[in-house]
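Okay, thanks for coming, everyone. Have a look at this one on the screen, and then I'll walk you through it.

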Amino acid sequence: MVTDVIKANELYKADPVFGQLSFDNHEQVVFCNDKDTGLKAIIGIHNSVLGPALGGTRMWNYTNEWEALNDVLRLSRGMTYKSAITGLNLGGGKAVIIGDAKTQKTPELMRKFGEFVHSLSGKYITAEDVGMTTADMDTVREVTPYVTGISEAIGGAGNPSPITGYGVFMGMKAAAKFKFGSDVLEDKVIYVQGIGNVGEALVGHLMDEGAKVIISDINQERLEEISKKYGVTIYAGNDLYSEEMDIYAPCALGATINDDTINKFKAKVIAGAANNQLAVEQIHGKLLQERGIVYAPDFLINAGGIINVYAELEGYDKKEIIRKTENIYNTTLEILNNAKTNNITTNQAALNIAQSRIDARKKENKR
């Protein structure tokens, strides 16, 4: 008999879900596989105390399945706190589809994914995320009602990206108010990393305010398109994190605040749309605090998208969507001041408020 020896740092592979560092007492993790369509997906339901778990579906060409699992666990957890701190009666969930959205996504694959969503009987409600479009959500809607972010033509709230970008803009202004004493962003040097739909919306608001915007993205064609459209500067250096700037706005994938970058930052404020910007919350949040860099918690200021799609469930109009999104400004200021008063990180202050709401509802449910 041959016995494999597992190295200590690989033990999590023997316990693939509960052993993940990103596992945070998730209620349910569903692995979805369909040979005919090529679908390989994971649905993570972190918490449903406040309501059904709502969160978008991301299609990404992950390096491996471990990376995909880690992503869905981190993202679904973030959705729990995003809904809680925004005051929505929703839990936290997320889904990832493993594959190249440009070459492997088909209507058949999306419908099959919709069938898996439907099998959860409403415990998880999906929406649009990276690699997805409103049209994809319309396709999912063909097989399940448990989807939001569908097109306005069929009764939905439409593409959530512009509202997400507006919410990030409001959160950024609040962080600027806290750090600089004024929320006016005119002449502030702001680096926007990632110019997808949300990043573009943010760039538009910043340019309207007269900020000095520099953009960065892995897609050179997209950079040139946005530069021409808004008159912004394309970053030509090779170490963005070391550049002198007032505000860093990460709007691509997460974990850009990590061991390699944390000591390079010259930014005074970090406020962006990306999820899970802190590679390790406790460590990197604390280091930002010690360096005097104001961090606007990502799961708070990027909540405009979920506010937008929640309108489909609650039936409120565009005016109410804008009102709720603009309130991100007030909540951000509240959290930044709370963190200062209690000498804790801004991320922890936000988590505390969100968790207190979940705990209160849990007690109510037990009565």
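Quick housekeeping. This is a predicted model, so to speak of local features we need pLDDT of at least 70, and side-chain atom pairs count only at pLDDT 80 or more, while totals for chains, interfaces and linings use all residues. Residues are numbered from 1 along each chain as its sequence is written, and side-chain values use heavy atoms, with hydrogens and water left out.

Buried is under 20% relative accessible area, exposed is over 50%, and partly exposed is in between, with a 1.4 Å probe and protein chains only. The general background you all know: in soluble globular proteins, nonpolar side chains tend to be buried together.

Contact, by the way, is heavy atoms within 4.5 Å. Skipping residues up to four places away in sequence, Ile-215 touches a list including Val-192, Ile-195, Val-203, Leu-223 and Ile-226, plus Val-232, Ile-234 and Tyr-235.

On to helix pairs. Axes here are lines fitted to C-alpha atoms, for helices over the stretch in contact, and angles run from 0 to 180 degrees between N-to-C directions. Under 35 degrees counts as roughly parallel, over 145 as roughly antiparallel, 65 to 115 as roughly perpendicular, and the rest as oblique.

First pair up: α5 (197-209) and α6 (220-230) pack at about 25°, axes 11 Å apart. That makes α5 roughly parallel to α6. On the α5 side you've got Asn-197, Glu-200, Val-203, Gly-204 and Met-207, meeting Arg-222, Ile-226, Lys-229 and Tyr-230 in α6. Sorted by class, that contact has four nonpolar, two polar and three charged residues. For the classes, Ala, Val, Leu, Ile, Met, Phe, Trp, Tyr, Cys and Pro are nonpolar, Asp, Glu, Lys and Arg are charged, and the others, Gly among them, are polar.

Next, α2 (107-118) with α3 (134-141): the angle is about 55° and the axes are 8 Å apart. That makes α2 oblique to α3.

Residues in the contact include Tyr-81, Ala-84 and Ile-85 of α1 and Leu-351, Ala-354 and Ile-358 of α11. The class count is eight nonpolar, three polar and two charged.

Now some single residues. Asp-246 sits in the loop between β9 (233-234) and β10 (247-250). Buried or exposed? Buried, at 15% relative accessible area. Beyond four places in sequence, Asp-246 contacts Phe-180, Asp-187, Lys-188, Val-189, Ala-267, Lys-268 and Val-269. Tyr-241 is in the loop between β9 and β10 and is buried at 17%.

Thr-134, in helix α3, is buried too, at 14%. Its contacts outside four places in sequence are Glu-128, Gly-149, Ile-150, Ser-151, Gly-158 and Asn-159.

Asn-25 has a positive phi near 55° without being a glycine, and Asn-276 has a positive phi of about 55°. Asn-25 lies in the segment before β1 (28-34) and is exposed at 64%. Asn-276 is in the loop between β11 (269-270) and α7 (281-290) and counts as buried at 13%.

That's my tour.

Notes. Helix = DSSP H or I, 4+ residues; strand = E, 2+ residues; numbered from the N terminus.
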